[in-house]
Amino acid sequence: MNPADYLILAVAVCAATALQGSIGFGAGLVAAPVIALVAPELLPALVVMLACLVTLLVTVRERAHLDLKGAGWALAGRIPGSVLGAWLAVAMSTAALSWLVAGCVLVGVGSAFLGWRPAPNRTNLMAAGGLSGVMGTATAIGGAPMAIVWQGQPPARLRGTMSAFFLIGSVVSVSLLAVAGAVTSGTVSAFFWLAPVVLVGFVLSRWLNRFLDARRLRLVALIASAGGAVLLIIRLVSAG
């Protein structure tokens, strides 16, 4: 990649990190479509690796507000979902998998806007965690299922719990992608170049948090989920 490509990626990653630090997810929604246009060979591994760093930072910052029990049930679904996602990333065409992900996200977000609020109980958390694992590992966009099931939580609790969930889930996903051969030397190099940008975005997220109460947080989270799905569809149509 040339310097202009790195600059484009830096801006996208900074915005993605600021969003993730504010609502608890969103790095993949913002960064993945841009990376797909500039350096598609880095997907999905680069986004998942960067997510490990930003989720670690947010988890430490919001550690007093974690719902460890809820995160635990979600992770019980995330791990087998990640295994399935790694297999799908190899066995299924990227276009077909992307269409499936975009459709699932839009249906879920549309239902949430119409008033669907699945209770964050054991069954729903495990189901959302499993779907998040499939989507996050295969396409680097796995936040929407958790945003739907955890909508309405206090902002700090949502950010902290989702970050703890995605931290462990992202580590699992990176490990599985490495085994599948999807983590290359180019991916590792890009990660180290972009890591300082993650720190800048994390600092910006502290400023954004001042303006997000529970109602605004839910709205931003659902809009971000829908926006990621729409961007994914636009990318698919353009590629076709």
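**Reading the fold and a surface patch**

Analyst: Start with burial. Buried residues make up 53% of the 240 residues in the chain. Bear in mind that this is a predicted model.

User: How many helices and strands does the chain have?

Analyst: The chain has 10 helices and zero strands. In sequence order the pattern reads α-α-α-α-α-α-α-α-α-α. The radius of gyration is 16 Å, close to the 18 Å given by the globule rule for 240 residues, so the chain is as compact as a globular protein of that length. Along the principal axes, the C-alpha atoms fill a box of roughly 45 × 35 × 30 Å.

User: What share of the contacts between residues at least 6 apart in sequence joins residues at least 24 apart?

Analyst: That share is 84% in this chain.

User: Now the surface. What is the accessible area of the chain, and what part belongs to carbon and sulfur atoms?

Analyst: The accessible surface comes to about 10,500 Å², and 72% of it belongs to carbon and sulfur atoms.

User: Which residues form a nonpolar patch on the surface?

Analyst: Leu-106, Val-230, Leu-231 and Ile-234 do, and together they have about 310 Å² of accessible area. Helix α10, residues 214-239, contributes the largest share of the patch, with three residues.

User: Why does Leu-231 count as partly exposed?

Analyst: Partly exposed lies between the buried class, under 20% relative accessible area, and the exposed class, over 50%. Leu-231, which is found in helix α10, has 39% relative accessibility and therefore counts as partly exposed.

Notes
Residues are numbered from 1 along each chain as its sequence is written. This is a predicted model: local features need pLDDT of at least 70, side-chain atom pairs count only at pLDDT 80 or more; totals for chains, interfaces and linings use all residues. Side-chain values use heavy atoms; hydrogens and water are left out. Patches are made of residues with over 30% relative accessible area and no salt bridge: like charges are joined within 9 Å, nonpolar side chains (Val, Leu, Ile, Met, Phe, Trp, Tyr) within 5 Å. Accessible areas come from the Shrake-Rupley method with a 1.4 Å probe; for residues, only the protein chains shown count as cover. A salt bridge is a side-chain nitrogen of Lys or Arg within 4 Å of a carboxyl oxygen of Asp or Glu. Helices (H or I, at least four residues) and strands (E, at least two) are DSSP runs, numbered from the N terminus. Buried means under 20% relative accessible area, exposed over 50%, partly exposed in between (1.4 Å probe, protein chains only). The radius of gyration is taken over C-alpha atoms; the globule rule is 2.2 Å times the number of residues to the power 0.38. Contact means heavy atoms within 4.5 Å.
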